[in-house]
Amino acid sequence: MGKQVLYIEMDNCIGCRSCLAACTQCGGHDNRNRNYVLDVDPFINRQTIPLMCFHCVNPACARSCPAQAIQIADNGAVLSALVEKCIGCQNCTIACPYGIPKFDEEQNLMYKCDLCYDRTKEGIPPMCASVCPTNTLQWIEEAELEEKRAQIPLANGKWTASHDPDVLEGETNVKISLPGILQGKQKLF
């Protein structure tokens, strides 16, 4: 089995929020939701998109942590802050370009999507992907991702900037296909 990644096909999202409910049930999440489902433009349409940590290869949250409380697992998952190391400075929440890390003031601790590391390290899909009824969230092998990428029409036979996976913070371990409503046509990052 090849390396697996979380692939988000945002056009499929129906806003059911099953992913949010499942997230609270993942081991070690303490019944806390670590993801978001956003309404794109509620006054115009009902398009929603799931948003979770992109698990950047060179994450700004980890780079900004003076206590080195944010670790990166073997499978690329950027983990929540370690309780014993987190000093509650919130640098990670400010540094993340996507606004993903959440801060628990009571516990003085940052938490975020950890790609259900207890599951994904064993090849089991993260909770959000395991319950998604529309296949918006998919746990797929990189080879399948390449097949999806090959199906996207290219401009003049070349990848455009909108197809470049580095358009985000940099290289990420979560890949997305933006909704057509946002881009005029489907784009894969």
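This note goes through the structure above point by point, from the whole chain to a few single residues.

1. Basis of the note. The structure is a predicted model, in which local features need pLDDT of at least 70 and side-chain atom pairs count only at pLDDT 80 or more, whereas totals for chains, interfaces and linings use all residues. Residues are numbered from 1 along each chain as its sequence is written, and side-chain values use heavy atoms, with hydrogens and water left out.

2. The chain as a whole. The chain has seven helices and eight strands, where helices (H or I, at least four residues) and strands (E, at least two) are DSSP runs numbered from the N terminus. Of the 189 residues in the chain, 48% are buried, a word that stands for under 20% relative accessible area, while exposed stands for over 50% and partly exposed for what lies in between (1.4 Å probe, protein chains only). Among contacts in the chain with a separation of 6 or more, 62% come from residues 24 or more positions apart, a contact being heavy atoms within 4.5 Å.

3. Strands 1 and 6. Strand 1 (residues 4–9) pairs with strand 6 in the antiparallel sense over five bridges; two strands count as paired if DSSP finds at least two bridges between them. Within this pairing, Gln4 stands opposite Glu141 of strand 6. Strand 6 (residues 137–141) is largely enclosed by the rest of the structure, because four of its five residues are buried.

4. Asn173. This residue sits in the loop between helix 6 (142–150) and strand 7 (174–178), and Asn173 is buried at 11% relative accessibility. Its side chain reaches the backbone oxygen of His55 at 2.9 Å, and a polar atom of the Asn173 side chain lies 3.1 Å from the backbone oxygen of Gly76. Apart from neighbours within four places in sequence, Asn173 is in contact with several residues, including Lys3, Val5, Leu6 and Phe54. The C-alpha atoms of Asn173 and Tyr7 are separated by 9.0 Å, although these residues are 166 residues apart along the chain.

5. Asn75. Located in the loop between helix 2 (60–63) and helix 3 (91–95), Asn75 is buried, with a relative accessible area of 19%. The side chains of Asn75 and Thr120 make a polar contact (3.1 Å), which is a pair of N or O atoms within 3.5 Å; within protein, one must be able to donate a hydrogen and the other to accept it, and residues adjacent in sequence count only if both atoms are side-chain atoms. Leaving out residues up to four places away in sequence, Asn75 touches Lys3, Tyr117, Thr120 and Lys121.

6. Two residues with positive phi. Asp30 has a positive phi of about 50° although it is not a glycine, and Cys116, also a residue other than glycine, has a positive phi near 45°. Asp30 belongs to the loop between helix 1 (18–25) and strand 2 (36–39), and Cys116 to the loop between strand 5 (109–111) and helix 4 (117–120). Asp30 is exposed, with a relative accessible area of 56%, whereas Cys116 is buried at 4%.
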